[in-house]
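Q: I'd like to go through this model with you, one piece at a time. Could we start with a helix pair and then move on to the rest?

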Amino acid sequence: MMAFKSSCRQGGIMSSSNDSCQNFTREEMVGPEVLEESGEKMSKKAAKKRAGKLKKMLYRKKEGEEATSSSSSLPEDESFSSNYGDVTPKSAAGRSWREAVEGKELTNVIKLVEEIVGSEVSLRGRVHYHRLVAKISFVILRESGFTVQCVVEEARVGTSMFNFVKQLSHESVVELIGLVSLPKKPLTATSQQVEIHVTKMYCLSRSLLNLPLVVVDAARSEADIEKSVKDGKPAARVLQDTRLNNRPLDLRTPANQALFRIQCHVQIAFREFLLSKGFLEIHTPKLMAGTSEGGSSVFRLDYKGQPACLAQSPQLYKQMAICGDMRRVFEVGPVFRAEDSFTHRHLCEFVGLDVEMEIRMHYSEIMDLVGDLFPFIFTKIEERCPKELESVRRQYPFHSLKFLPQTLRLTFAEGIQMLKEAGEEVDPLGDLNTESEKKLGQLVLEKYNTEFYMLHRYPSAVRPFYTMPCEDDSNYSNSFDVFIRGEEIMSGAQRIHDPELLEKRARECGIDVKTISTYIDAFRYGAPPHGGFGVGLERVVMLLCALNNIRKTSLFPRDPKRLAP
């Protein structure tokens with residue numbers, strides 16, 4: 001054994017410990033021809049030679065160990081290389097992505113709740129923004145307006161993947177896999193109160209680095225902007241024209257995503273209520289030979305050599321459907337108005353919610369329907385869209401609409417009297433202007449505690465030609481308007497079903513009777529008493545959410561100056 005130790009010392013390889021020698025077999029150390037048991041001694045020359053040989057062997061072995069060690073640590077990067085990358089049709093990352101998501105269903109961000117903590121999920125969304133804290137990247141993922149915090153730790157995913165995530169541009173589309181976890185502190189910057197610990201992330205589409213508007217900026221509330229100014233770090237304010245010129249980007253804000261889901265549910269509730277009352281949904285032509293409302297606010301065009309116009313309303317065809325014994329009909333469709341209105345509540349094209357129905361005794365039957373329909377819609381929106389309403393409130397604060405179980409009705413004359421008592425000068429046989437409407441809305445709220453009411457028995461002079469005059473006074477008509485938060489959203493009335501009276505009123509309103517002859521003829525075949533109403537969808541949503549401009553609730557607005565995008 002002395003020879004064994006001596007050879008190690010003489011080779012200069014045991015300066016730190018005996019472990020280096022113990023890594024070799026006995027044959028490797030002294031050769032099979034040396035038997036320690038024999039007590040045989042080596043000469044100095046032989047020992048020196050043997051030590052040199054041993055030194056070379058040890059060097060080679062250490063080199064091999066270092067190579068093995070470096071290859072196992074080296075990836076860190078290589079071992080994670082299939083967990084990230086830009087997905088293209090023929091890229092390695094594309095193949096890895098397909099393998100990673102195979103058989104996995106995407107989870108909607110809105111469904112990320114505490115009950116599924118500990119689950120592995122697959123998500124797809126946009127990089128809303130990200131921030132770095134030491135070796136951790138916090139990526140806020142946005143999907144359909146809802147956001148979740150995704151945690152990417154360098155120690156967990158490797159340096160290369162960490163760097164890949166760091167340089168992803170805002171608005172890039174990514175798909176990731178990770179574990180749902182509960183953060184130590186409540187989150188305030190995201191809609192969801194869980195976070196995702198990311199294990200894999202793939203970029204499906206990269207966004208430009210320089211965007212015409214930043215969604216984070218476009219999503220700020222006015223209060224946030226004012227606070228940033230006070231703090232000495234003013235945030236960007238995205239102006240309306242910038243938003244509308246880049247509408248696909250602007251639509252990505254949480255508030256806009258929520259607004260158009262609310263709009264969808266208004267239509268659903270509208271249809272749901274009317275179908276339950278025996279109404280039939282119809283679709284009427286939008287190309288017409290003559291006007292449907294009278295006046296000059298009509299888009300005229302050439303129709304194969306014939307003069308034509310875009311429908312200002314489905315009014316005439318709704319009535320013809322009633323004449324065709326359909327009894328109760330409604331339509332959801334586009335309406336075109338060529339008026340040069342640059343106000344906050346007018347558009348050249350909007351979505352009309354229109355209703356027509358037979359009347360048995362009195363036009364109040366239509367008001368009864370409206371009085372039940374809209375509270376039904378308002379209630380359903382509160383029940384079905386709480387998260388959406390909250391998303392809108394975050395950017396555009398508002399209080400829920402106040403309305404009575406039994407919708408308030410006032411005559412036009414009563415409304416005029418309230419305004420006069422408040423010191424307003426108004427024409428008793430004229431229409432209400434925007435200021436008068438707002439003032440009356442304020443007076444009604446103070447007196448009746450409601451922001452939803454009806455004003456009926458309007459002057460005949462301010463209603464369309466097909467509106468039935470009152471039997472007791474032809475200066476007034478069997479018509480009504482409906483108001484939300486002091487602004488008109490709807491006009492309705494009983495229609496004239498007598499062809500002679502209808503023809504007379506058309507002439508009085510300056511309409512060429514020849515252009516609507518087929519409409520008038522429909523009443524010559526016998527028509528029941530009937531009436532209906534029309535309301536603009538965008539205006540309903542605008543006022544329901546107390547917004548300041550109807551362009552916010554039009555997907556791609558069309559006004560006198562805007563025809564794109």
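Q: Which residues of helix 19 meet helix 20?
A: In this predicted model, Pro499, Glu500, Leu502 and Glu503 of helix 19 meet Tyr519, Ile520, Phe523 and Arg524 of helix 20, where contact means heavy atoms within 4.5 Å and helices (H or I, at least four residues) and strands (E, at least two) are DSSP runs numbered from the N terminus. By class, this contact has five nonpolar, no polar and three charged residues, with Ala, Val, Leu, Ile, Met, Phe, Trp, Tyr, Cys and Pro counted as nonpolar, Asp, Glu, Lys and Arg as charged, and the others, Gly among them, as polar.

Q: And how do the axes of helix 19 and helix 20 cross?
A: The axes of helix 19 (residues 499–508) and helix 20 (residues 517–524) come within 9 Å and cross at roughly 155 degrees, the axes being lines fitted to C-alpha atoms over the stretch in contact, with angles from 0 to 180 degrees between N-to-C directions. That makes helix 19 roughly antiparallel to helix 20, a label for angles over 145 degrees, while under 35 counts as roughly parallel, 65 to 115 as roughly perpendicular and the rest as oblique.

Q: What does the chain average in pLDDT?
A: The average is 88, and 85% of the residues score at least 70, on the predictor's per-residue confidence scale from 0 to 100. Over residues 1–40 the pLDDT is below 50, yet beyond near neighbours in sequence this stretch has 47 contacts in the model. Residues 63–75 also have pLDDT below 50, and that stretch has one such contact.

Q: New topic: which residues are buried in helix 8?
A: Met161, Phe162, Phe164 and Val165 are buried in helix 8 (residues 159–166), buried being under 20% relative accessible area, exposed over 50% and partly exposed in between (1.4 Å probe, protein chains only). Seen down the helix axis, the buried residues fall within an arc of 160 degrees, so they line one face of helix 8; the arc is that of the directions from the axis to the C-beta atoms.

Q: Is Arg485 buried or exposed?
A: Arg485 is buried, with a relative accessible area of 17%, and has a positive phi of about 50 degrees although it is not a glycine.

Definitions and conventions
Residues numbered from 1 in each chain as written. Predicted model: local features only at pLDDT ≥ 70, side-chain atom pairs only at ≥ 80, totals over all residues. Heavy atoms only, no water.
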